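Hello,

Here is the structure we talked about. Please have a look before you read my notes.

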Amino acid sequence: MKNKILTVISTIMLFVPWTILPLRTFDWALESPVAEIMISCYAAFMIFSGVFTIISYVKAKAQNNLMKVCLVVNSLYAVAGVAVFGMMVLPKIM
């Protein structure tokens with residue numbers, strides 16, 4: 001039962017980052033402070049979902065086929081989230 005719950009949570013986390021696309025159609029979402037905060041929150045969520053899925057797969061032994069797909073996609077999301085944070089922080093440091 002625990003493995004099914006972890007798989008469902010990881011599967012839901014696959015689709016959450018795509019909700020930024022409809023939000024970015026609004027004018028208020030393109031203004032400077034709101035856009036930076038929104039992108040930072042989504043990047044943090046993507047990193048969290050990647051770490052959560054990795055921990056669920058390795059430590060909790062939730063190793064079914066759907067979880068393997070979630071592991072690959074959420075790991076890619078986590079890498080992209082780290083890259084987004086890097087692109088936001090590096091110009092301010094240099």
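My notes on the fold, the last helix and the core follow.

This is a predicted model: local features need pLDDT of at least 70, side-chain atom pairs count only at pLDDT 80 or more, and totals for chains, interfaces and linings use all residues. Numbering starts from 1 along each chain as its sequence is written, and side-chain values use heavy atoms, without hydrogens and water.

The protein has four helices and zero strands. Helices are DSSP runs of H or I with at least four residues, strands runs of E with at least two, numbered from the N terminus. The C-alpha atoms fill a box of roughly 45 × 30 × 15 Å along the principal axes. Of the 94 residues, 32% are buried (under 20% relative accessible area, 1.4 Å probe, protein chains only).

Helix α4 covers residues 65-93. It has 29 residues and reaches 42 Å from first C-alpha to last, close to the expected 42 Å (1.5 Å times one less than its number of residues). Asparagine 64 caps its N-terminal end, with a side-chain oxygen 3.4 Å from the backbone nitrogen of leucine 66. The buried residues of α4 pack against α1 (2-15) and α3 (32-58).

The largest nonpolar core has six residues: Leu14, Tyr57, Ala62, Met67, Cys70 and Leu71. Such a core is a set of buried Ala, Val, Leu, Ile, Met, Phe, Trp, Tyr and Cys residues joined through side-chain atoms within 4.5 Å. Helix α4 gives the largest share, three residues. Beyond its neighbours within four places in sequence, tyrosine 57 is in contact (heavy atoms within 4.5 Å) with Ala62, Gln63, Met67, Lys68 and Leu71.

Best wishes

How values were computed
Buried means under 20% relative accessible area, exposed over 50%, partly exposed in between (1.4 Å probe, protein chains only). A polar contact is a pair of N or O atoms within 3.5 Å; within protein, one must be able to donate a hydrogen and the other to accept it, and residues adjacent in sequence count only if both atoms are side-chain atoms.
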